[in-house]
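User: Hello! I am new to this structure and would like a close look at one part, its aromatic rings.
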Amino acid sequence: MGTGFSFKVGKKLDGRLGRTGVITTSHGEIKTPAFIPVATKATLKSVLPETLKELGAQAVLANAYHLYLQPGSNLVDQAGGLAKFMNWQGPTFTDSGGFQVLSLGVGFKKVIAMDENTFQADDVIADDKERLAHVDDDGVTFKSHLDGSMHRFTPEISMQVQHQIGADIIFSFDECTTLHNTRSYQEKALERTRLWAQRCLVEHDRLTKERKDKPYQALFGVLQGAQYEDLRRKAAKDLSQMSMAGVSFDGFGIGGALDKQTLGDILKWVNEELPVDKPRHFLGIGEPDDLFVGVENGADTFDCVAPSRQARTSSVFTKDGRLNISNAPHKDEFFPIEKDCTCYTCTHYTRAYLCHLFRAKEMVAATLATIHNQHFIVGLVDQMRESIEDGSFFEFKDRFMKRYYGK
Ligand SMILES: [Zn+2]
């Protein structure tokens with residue numbers, strides 16, 4: 001059956017799980033490893049899609065939760081799907097909304113409520129906070145962060161929403177836990193996520209058949225299991241072997257509770273279990289050192305809001321580390337953020353001008369800083385890919401890390 005979706009592994013990194021590859025979608029190719037900028041609400045904040053393409057982005061990732069609430073996934077469907085709606089000429093991803101309904105959905109209060117029965121043992125909410133999301137075996141009920149209205153996501157609804165949004169790569173609905181949950185809760189949540197993954201496959205298959213005039217959407221299964229090796233390996237085995245009526249996952253998303261110390265191990269555990277010939281997306285990773293660890297341990301694509309978010313607070317990347325461009329020392333520096341950077345911002349503007357724009361609270365400050373930061377991170381992962389190709393990955397990593405982190 002021709003789906004228009006494929007993944008071809010290229011060169012392997014010596015003695016590690018890292019590799020290069022090419023993901024083919026109905027809207028074009030992604031050379032991997034690749035960093036995928038986040039266009040949460042069908043826009044990369046402050047940057048036009050043409051500029052995003054020019055700075056080197058190969059694909060964008062939007063958010064199912066946000067687009068479901070506003071403008072509504074049925075409207076994106078009427079518009080001809082995400083790529084057409086936002087005028088992005090290239091591949092698109094949406095995440096399932098699982099993370100947002102449980103964390104962001106809980107809103108600005110930054111609290112997560114687990115189900116009633118285990119609440120005592122897994123209380124990660126301060127006493128005075130309102131519980132805004134409730135997980136049960138069938139799905140999650142949550143309150144909109146926009147207007148406080150109540151909504152419900154189930155695996156089936158997440159698939160329906162993501163089919164309407166119409167991204168090339170979509171993710172199964174999972175329960176995202178935190179590192180603070182107990183081991184027994186992690187086990188329970190993992191089993192729930194496994195059953196939800198099966199339901200996602202069934203509903204995805206039904207929708208694919210029902211909407212056969214639409215471009216094929218690849219479904220990635222999301223792996224949880226927090227910091228536990230046995231749970232992570234189990235999740236990887238379960239999802240890679242999972243098949244419902246002959247349909248299996250096209251790739252995998254690695255998500256959930258992890259920290260800097262365990263991130264490399266977690267990736268190694270799951271990627272040792274996952275099939276080599278399917279792509280793996282590492283959700284929510286965007287710091288340079290984490291990206292190196294990710295690539296080394298076999299992740300193919302990454303997304304993170306950090307490069308844009310940091311840009312808007314005047315924090316810009318340089319090869320010598322991040323700097324705050326609005327600080328006094330930069331106000332009369334009449335040279336670019338980085339002299340050898342080829343981005344639009346660095347080839348046209350000085351640090352002094354950016355410093356002025358941020359201090360004057362001019363909108364274009366965010367645009368120019370975002371262009372540079374996205375170019376830096378997208379370009380960094382591109383260089384990792386090239387260095388795997390020419391066998392210089394570890395030299396490149398050492399050189400970059402020494403200069404960026406001073407170690
Ligand atoms: Zn630049």
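Which residues do ring pairs link into a cluster?

Analyst: Happy to walk you through this. Please keep in mind that the model is predicted. Ring pairs join Phe-292, Phe-317, Phe-376, Phe-393, Phe-394, Phe-396, Phe-400, Tyr-404 and Tyr-405 into a cluster.

Let us start with Phe-292 and Phe-396. Their rings make a tilted aromatic pair, with 5.6 Å from centre to centre and 50° between the planes. This pair connects distant parts of the chain: Phe-292 belongs to helix α10 (residues 288-296) and Phe-396 to helix α15 (residues 393-405), 104 residues apart. Phe-292 is buried, its relative accessible area being 0%. Phe-396 counts as buried too, because its relative accessibility of 8% is under the 20% cut-off.

Next come Phe-376 and Phe-400, another tilted aromatic pair, with 6.3 Å between the ring centres and 50° between the planes. Phe-376 sits in helix α14 (residues 364-389) and Phe-400 in helix α15, so this pair ties together parts that are 24 residues apart in sequence. Phe-376 is buried, at a relative accessible area of 9%, and Phe-400 is buried with a value of 9%.

Lys-53 lies over the face of Trp-88, 4.7 Å from the ring centre. Arg-183 lies over the face of Tyr-228, at 4.9 Å from the ring centre.

Technical notes: Residues are numbered from 1 along each chain as its sequence is written. This is a predicted model: local features need pLDDT of at least 70, side-chain atom pairs count only at pLDDT 80 or more; totals for chains, interfaces and linings use all residues. Side-chain values use heavy atoms; hydrogens and water are left out. Rings of Phe, Tyr and Trp (its six-membered ring) pair if their centres lie within 6.5 Å; planes under 30 degrees apart count as stacked, over 60 as edge-to-face and the rest as tilted. Helices (H or I, at least four residues) and strands (E, at least two) are DSSP runs, numbered from the N terminus. Buried means under 20% relative accessible area, exposed over 50%, partly exposed in between (1.4 Å probe, protein chains only). A charge sits over a ring if NZ of Lys or CZ of Arg is within 6 Å of the ring centre and within 35 degrees of the ring normal.
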